[in-house]
Amino acid sequence: MSCFQTLQDYGLRALGIGERMLPRSDFTLCDQFVLIGSGMLWNIYFGAIAVVIGFVIANGVALAKNSTSTPLRKTAEWFIFIFRGSPLFIQFFFAYFLFLQLKSVSPIFNPLSAAWLGALIVLILNTAAYSAEIFYGALRSIPKGDIEAADAYGLSGWTRFRRIMWPTMMRLAWPSYTNEAIFLFHATTLVFFSGFPAWQQRGDALYYASYFADKTFNPFVPYPILAFYFILLTLVVIGIFGIINTRLNAHLPQEKRRKIRYRPNLIR
């Protein structure tokens with residue numbers, strides 16, 4: 001089988017398009033590149049949607065934590081503490097069994113036990129908690145001079161926040177938030193190893209890499225391929241977030257612009 005034929009048969013297999021059965025023997029390098037690349041579509045799906053929705057939630061949680069209202073502040077603090085204080089793998093585990101219980105209550109909860117929705121909700125809440133703490137720190141770091149200048153121009157309330165505080169908060173938080181987005185995409189590899197089943201063997205990149213490692217008894221081919229794909233994905237994320245970072249700092253002198261630096265974590 002040619003590599004082009006393999007691409008046609010398995011390029012979108014993770015989405016249910018193409019050959020249903022996985023290759024059983026005579027695995028070629030092309031088979032592994034194509035199938036692991038196909039699984040990356042799930043990692044991109046989980047990461048991209050979680051980043052977008054989690055960003056919105058994180059802004060709200062950061063504002064709630066900075067609120068003078070005790071119930072709002074305590075709710076935000078506990079939300080952040082729970083999701084930052086427990087391992088993501090355990091969050092997946094408990095969420096899956098919670099969703100199974102809800103599924104037995106009413107059929108309306110059936111989609112929650114599927115990875116495409118249930119695992120996505122966990123990722124959204126997890127990244128929202130981490131991002132909220134980043135945004136809260138940036139919110140508290142806004143120079144008092146900026147706020148005083150806004151007051152001097154007669155800006156107050158929502159107008160002051162939208163035009164002065166929020167852009168400054170984003171500018172200060174963006175380098176750290178970029179790292180959080182990268183960690184989130186890496187964390188998507190936990191989805192199909194944490195309880196959420198892969199339906200009809202339609203898993204993510206790590207799922208296929210593990211399949212080839214088990215079948216060939218040689219992990220030194222599929223796992224480097226997996227790492228290669230994630231390095232490419234990381235470069236794309238850095239590029240996109242770097243463009244946004246440049247836009248956020250466009251008004252500053254060149255020497256004062258904050259640059260994005262990738263700082264890998266040892267543990268999530």
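Colleague: How do α3 and α5 cross?
Modeller: The axes of α3 and α5 come within 8 Å, and they cross at roughly 115°. Axes here are lines fitted to C-alpha atoms, for helices over the stretch in contact, and angles run from 0 to 180 degrees between N-to-C directions. Helices (H or I, at least four residues) and strands (E, at least two) are DSSP runs, numbered from the N terminus. This is a predicted model, where local features need pLDDT of at least 70 and side-chain atom pairs count only at pLDDT 80 or more, while totals for chains, interfaces and linings use all residues. Residues are numbered from 1 along each chain as its sequence is written, and side-chain values use heavy atoms, with hydrogens and water left out.

Colleague: Is the crossing of α3 and α5 left-handed or right-handed?
Modeller: The α3 and α5 crossing is left-handed. A crossing is left-handed if the near helix is turned anticlockwise from the far one by less than a right angle, and right-handed if clockwise.

Colleague: Which residues meet there, in α3 and in α5?
Modeller: From α3 they are Phe79, Ile80, Phe83 and Arg84. They meet Leu125, Asn126, Ala128, Ala129, Tyr130, Ala132 and Glu133 in α5. Contact means heavy atoms within 4.5 Å.

Colleague: And at what angle do α6 and α7 pack?
Modeller: Helix α6, residues 144-152, packs with α7 at an angle of about 165°, and their axes are 11 Å apart. That angle makes α6 roughly antiparallel to α7. For the wording, angles under 35 degrees count as roughly parallel, over 145 as roughly antiparallel, 65 to 115 as roughly perpendicular and the rest as oblique. The crossing of α6 past α7 is right-handed.

Colleague: Which residues make the contact of α6 and α7?
Modeller: On the α6 side, Asp146, Ile147, Ala150 and Asp151. On the α7 side, Arg160, Ile164 and Thr168.

Colleague: Stepping back, how many helices and strands does the chain have?
Modeller: Nine helices and zero strands. The C-alpha atoms fill a box of roughly 75 × 50 × 30 Å, taken along the principal axes. Of the 268 residues, 43% are buried. Buried means under 20% relative accessible area, exposed over 50%, and partly exposed in between, with a 1.4 Å probe and protein chains only.

Colleague: Which residues in the largest nonpolar core touch the most other members?
Modeller: Ile36, Phe46, Phe92, Leu123, Phe135 and Val191, in a core of 70 residues. A nonpolar core is a set of buried Ala, Val, Leu, Ile, Met, Phe, Trp, Tyr and Cys residues joined through side-chain atoms within 4.5 Å.

Colleague: Which elements give two or more residues to the core?
Modeller: They are α2 (29-65), α3 (70-85), α4 (88-105), α5 (115-140), α7 (157-187), α8 (205-216) and α9 (222-248). Helix α2 gives the most, with 14 residues.

Colleague: What is valine 191 in contact with?
Modeller: Leaving aside neighbours within four places in sequence, valine 191 contacts Phe46, Phe92, Ala115, Ala119, Leu123 and Phe196.

Colleague: New topic: what is the phi of aspartate 26?
Modeller: Near 50°, a positive value in a residue other than glycine. Most residues other than glycine have a negative phi. Aspartate 26 sits in the loop between α1 (3-10) and α2. Aspartate 26 is exposed, at 68% relative accessible area.

Colleague: And where is phenylalanine 217?
Modeller: Phenylalanine 217 is in the loop between α8 and α9. Its phi is also positive, about 55°, although it is not a glycine. Phenylalanine 217 is exposed, with a relative accessible area of 73%.

Colleague: What about alanine 213, buried or exposed?
Modeller: Alanine 213 is buried, because its relative accessible area is 9%. Alanine 213 is part of helix α8. Not counting residues up to four places away in sequence, alanine 213 touches Asn218, Pro219, Pro222 and Tyr223.

Colleague: Last one: which residues does UniProt list as "transmembrane region"?
Modeller: The unreviewed UniProt entry lists 44-64, 76-102, 114-136, 181-200 and 220-244. UniProt positions are given in the numbering used here, feature names are shortened, and annotations may be inferred rather than shown by experiment. In the model, residues 220-244 are 92% helix and 0% strand, with end C-alpha atoms 37 Å apart. Residues 76-102 are 93% helix and 0% strand, with end C-alpha atoms 25 Å apart.
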